[in-house]
Amino acid sequence: DISDTAEIVVKPLGRLLKSADTFAGATIMGDGRVALILDVMGIANRIGITTSERRSSRAATASTEATDATGTWRRLLLFSLGERHLGLPLEAVARLEEFSPADVEMSGHRAVVQYRGEIMHLIDLADELGMPSARVDGQPMQVVVYTDASSSVGLVVDQIFDIVEEHVDVTESADSHGIAGTAVIHGQVTDVIAVNQILRSAVPAIFATASEVAA
């Protein structure tokens, strides 16, 4: 039975489940259920209909991933602001959404949307990082939903264009607000954003650290 198609964020299964080669990951559906993502090539390997070379290549990739799991093997969501390429850790992403400008309301000085029975704050990353935006007024907004415990916030970007899972060397940045470092990904210089730093700056009342609350 085929029930629907949907754009989703695929979460990795984790190192302990790498041997489950018939599954590529999992996602959380709109009703809260967890759905496993099938790996077609993994299924083909399991029933023996792929070539030995392809199986060897897959094994080599898995071995490299295991070696790099505690190093610089990263899973990143890639997006753009103006002509700049940026990325953020996939672990920080709950969902990808698109909102019409008509959905946006104001609460105090902050733009918000009604989202899944809650009021979700929107953070314009271009404004927060001091970068130009290429968004066109009146067009739907691309939003990355970040969830921490019971709080969610929407990070507004220009365009979401890829998810990568590869070995990346990130050069740390100590001077730029909200930028954790820079790397070359798919031939493009890409800034990796520091999500928690941005959230603590933009909405401190929601995403303050425990020490900040205590102070």
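Leaving aside its neighbours within four places in sequence, with which residues is Leu-88 in contact?

1. Leu-88 is in contact with Arg-75, Leu-76, Leu-77, Phe-79, Val-93, Val-144, Leu-155, Ile-193 and Val-195, its neighbours within four places in sequence being left aside. Contact here means heavy atoms within 4.5 Å.

2. The model is predicted: local features need pLDDT of at least 70 and side-chain atom pairs count only at pLDDT 80 or more, while totals for chains, interfaces and linings use all residues. Residues are numbered from 1 along each chain as its sequence is written, and side-chain values use heavy atoms, with hydrogens and water left out.

3. The secondary structure comprises six helices and 14 strands. These are DSSP runs numbered from the N terminus (helices: H or I, at least four residues; strands: E, at least two). Of the 215 residues, 33% are buried, where buried means under 20% relative accessible area, exposed over 50%, and partly exposed in between (1.4 Å probe, protein chains only). Among contacts between residues at least 6 apart in sequence, 52% join residues at least 24 apart.

4. The largest nonpolar core contains 26 residues, and those with the most contacts inside it are Leu-81, Leu-88, Ile-123, Leu-125 and Ile-193. Two or more residues each come from β3 (73-81), β4 (84-89), α3 (125-129), β9 (141-148), β10 (151-157) and α4 (195-202). The largest share, four residues, is that of α4. A second, separate core has nine residues, including Phe-99, Tyr-115, Met-120 and Val-145. A nonpolar core is a set of buried Ala, Val, Leu, Ile, Met, Phe, Trp, Tyr and Cys residues joined through side-chain atoms within 4.5 Å.

5. The second largest pocket holds about 410 Å³ of space. Its lining has 15 residues, of which Asp-4, Thr-27, Met-29, Ala-35 and Ile-37 are the closest to the centre. Strand β2 (residues 34-38) gives the most to this lining, with five residues. A pocket is an open set of points on a 1 Å grid over the protein atoms alone where a 1.4 Å probe fits, with protein on both sides within 12 Å along at least five of seven lines; lining residues have an atom within 4 Å of a point. The volume is the space filled by probe spheres set on the points, which are joined across faces, edges and corners.

6. Most residues other than glycine have a negative phi. Arg-116, in the loop between β7 (110-115) and β8 (118-124), has a positive phi near 55 degrees. Arg-116 is partly exposed, at 47% relative accessible area.
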